[in-house]
Amino acid sequence: MNKKYPDEFKQEAVRQVVEKGYSVPDVSKRLGISDKSLYYWMSKAKVPASQSAEQAEIRQLKAEVKRLTEERNILKEAAMYFASESKKSTRS
């Protein structure tokens, strides 16, 4: 069954992959379209599929950096806490 989608809908779907960095499967599932259709729309818009893969990798790496930074900050705070506790116990 071939559905006709408005050009604006197609452009927005492609934009979500290219500019916002969402994966093709995520966008197609969310919008209720096939992956194949979205890849086809991207090819018509002359957007290489590898670009969306690179965007997904960048997004994943940024999330990992954020998580590691949070972990480091937690460890710093714990080290400061235990260092202060250690100083208190040696004074008594």
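Reader: Which helix gives the most to the lining of the second largest pocket?
Author: In this predicted model, helix α1 gives the most to that lining, with four residues, where helices are DSSP runs (H or I, at least four residues) numbered from the N terminus.

Reader: And which residues line the second largest pocket?
Author: The lining consists of D7, K10, Q11, V14, W41, K44 and A45, and they divide into three nonpolar, one polar and three charged. Ala, Val, Leu, Ile, Met, Phe, Trp, Tyr, Cys and Pro count as nonpolar, Asp, Glu, Lys and Arg as charged, and the others, Gly among them, as polar.

Reader: OK, switching to packing: at what angle do the axes of α1 and α3 cross?
Author: The axes of α1 (residues 7-18) and α3 (residues 35-44), which are lines fitted to C-alpha atoms over the stretch in contact, with angles running from 0 to 180 degrees between N-to-C directions, come within 10 Å and cross at roughly 90°. The two helices are therefore roughly perpendicular to each other, a term for angles of 65 to 115 degrees.

Reader: Which residues make that contact?
Author: On the α1 side they are F9, K10, A13, V14 and V17, and on the α3 side L38, W41 and M42, with contact meaning heavy atoms within 4.5 Å.

Reader: Where is confidence lowest, and where highest?
Author: By pLDDT, the predictor's confidence in each residue from 0 to 100, helix α4 (residues 49-91) is lowest at a mean of 85, and helix α2 (residues 24-31) highest at 92.

Definitions and conventions
Residues are numbered from 1 along each chain as its sequence is written. This is a predicted model: local features need pLDDT of at least 70, side-chain atom pairs count only at pLDDT 80 or more; totals for chains, interfaces and linings use all residues. Side-chain values use heavy atoms; hydrogens and water are left out. Angles under 35 degrees count as roughly parallel, over 145 as roughly antiparallel, 65 to 115 as roughly perpendicular and the rest as oblique. On a 1 Å grid over the protein atoms alone, a cavity is a set of points where a 1.4 Å probe fits but cannot get out, and a pocket is an open set with protein on both sides within 12 Å along at least five of seven lines; lining residues have an atom within 4 Å of a point.
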